[in-house]
Amino acid sequence: MRIALRLPTSGPDELIDAQRRFHLAAGADIAEAGFDGEADWTLEVEEGEFLWPHGGSLKNVLGSIEAPYGAVCALVRHLVASEADGPLVERAIYRLAPQAPGRGSGPERKLLPRAGGHGRAPRGWYPVEALRLATRASPLSSGQIDRALAEGALVLDTRLRDALRAAASGEPLTFPRPSVAEDAGLALDVAVRGEADVLAAHERLDELEGRLAMVESSLPARLERRLRALVHRRR
Amino acid sequence: MKLVMTLVVRDEADIVEQQLHYHLERGVDFVIATDHRSGDGTTEILRRHEREGHLRLIRENDARFRQSEWVTRMARLAATDHGADWVLNSDADEFWWPREGTLKEILTVTPPRFGVVRGLWRNFVLRPDDERPFYERMTIRRAPDVDPASPYHAQVKVLHRASPEVVVPRGNHDALGRGLALIREWFPVEILHFPIRSGAQLRRKFGAAEAYRAGPDSRLPRHTAAVAARLDTEEEDLESGFAVDDEALEHGLVAGELSLDTRLRDALQGQKALPPALADDACYAAEIDLLLGTDSARRLPGRVRLLERRLEALERRRRARPRLTGS
């Protein structure tokens, strides 16, 4: 099985180099800008993006996708950097929580397609995270970070930094299965930020049901029911 | 954290002991069971657990099967009388299997804004009957059916935060009430499901389906109605129609429709479970995908119909208002 990787054409050289090293260590075969016609999967990563598989290498995870599916979804998660000294990938160890202020709305998933393949991804399954470094945002001060961590808007996430350190020293990368708590965190991200289609329809129904229940239980409606009962008794 | 399981049973003596033992060993602290007219020894098993102090038994002799009413009552009792934090509404043929960690670990890390967690049925097929208990014979799992009339259709059950106001609709597929928001796309629990275990149990279970018709919601669940109808017309052949013999097994394994799954057998024999492999994850993902597809096809229209009815009721009240103010 071969995984072709398209790296971004813009961005700092040190970052592109980190992306190349990481994805090669994570199981991608090719790190070239051009398309490899022999590949089974063609992955295109954005500036500052790192594809983090769960429970095995990229090759293991993508190799497990059942034949009817032509793609798999990665859940996008954003890493922000502190203003400390050092390379960006060393400082970007804080992950934005799904409810963090300033995050826009809209789908936060990235489709990873089979090469030349057609067909959709299985719904509700995110065996890969797309960790995105905020390359153009201002780094956060230590005060901002402390506050955001205390408020739950940021979560410490050193996986990428640690993996890049390991790759730099020639150690093999390991991608364990998420723990129960990590799995619940992913589920929360999906629930809050996840799929835009069916999930959004369900959520609109939730909201409509809530609004309707409010109307049904509103003061005028309750008063009307009481008055009606009173009139009925007097008759 | 206290986890309470509710159970409605009727003639489940071949499975209920293992079901109770399995869950009490895996984090369930207390069981509330409603026994509906059992006559096969189920009641005695439940009474023994009651005497041991970890089960509260409610007997129901009504001819009607009032599932939603009974499960709602038990789920509320779990909150009001037994100090439950979470409630698991199960059937006797279901074994709740956490994919990672334990049931309580999953519930502990469930984000606070959510109150309902889903489990997904994994269906096990009937193998030719012999003297062995069901969990030793039934180690073959099959892919779920799209057709809701199949007893092996894709389906969910839920765990929910304890609430004295909870409503559990028929089938135990939801839990409704304040603070009970559903986390829709997380399925951290598999429910190993053994709906048809022997010819005798098949005839007993689906022969009693008429109790649904007399209940408050007189419609039979589609899969129950479909099997009950076959029971009338092909009683002798029905068991063989469901049983997977060796030839069908071989074919099903090659075709990928069946897979060997000895987890429950191994667990009941005291063996430690291994974490799922990536191939298992991918297979599970495909079944979740099917469920979410049917979820949208069936549940969304149902919710829309219910909303329409409630709106119509409001509109009727609004139309009637001038008569009230004019009188």
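Reader: What percentage of the residues of chain B count as buried?

Author: The model is predicted, and the count covers the 327 residues of chain B. A residue is taken as buried when its relative accessible area is under 20%. By that cut-off, the buried part of chain B is 54%.

Reader: What radius of gyration does chain B have, and what would a compact globule have?

Author: The C-alpha atoms of chain B fill a box of roughly 75 × 45 × 45 Å along the principal axes. For 327 residues, a compact globule would have a radius of gyration near 20 Å. Chain B agrees with this, at 21 Å.

Reader: How many helices and strands does chain B have, and what share of its contacts between residues at least 6 apart in sequence join residues at least 24 apart?

Author: Chain B has 12 helices and 10 strands. Among its contacts between residues at least 6 apart in sequence, those that join residues at least 24 apart make up 78%.

Reader: In chain A, is helix 1 roughly parallel or roughly perpendicular to helix 5?

Author: Helix 1 (residues 13-25) and helix 5 (residues 159-168) of chain A pack with their axes 10 Å apart, at an angle of about 80°. Angles of 65 to 115 degrees count as roughly perpendicular. Helix 1 of chain A is therefore, relative to helix 5 of chain A, roughly perpendicular.

Key. Residues are numbered from 1 along each chain as its sequence is written. Chains are lettered from A and ligands numbered from 1 in the order in which they are written. This is a predicted model: local features need pLDDT of at least 70, side-chain atom pairs count only at pLDDT 80 or more; totals for chains, interfaces and linings use all residues. Side-chain values use heavy atoms; hydrogens and water are left out. Axes are lines fitted to C-alpha atoms, for helices over the stretch in contact, and angles run from 0 to 180 degrees between N-to-C directions. Helices (H or I, at least four residues) and strands (E, at least two) are DSSP runs, numbered from the N terminus. Angles under 35 degrees count as roughly parallel, over 145 as roughly antiparallel, 65 to 115 as roughly perpendicular and the rest as oblique. The radius of gyration is taken over C-alpha atoms; the globule rule is 2.2 Å times the number of residues to the power 0.38. Buried means under 20% relative accessible area, exposed over 50%, partly exposed in between (1.4 Å probe, protein chains only). Contact means heavy atoms within 4.5 Å.
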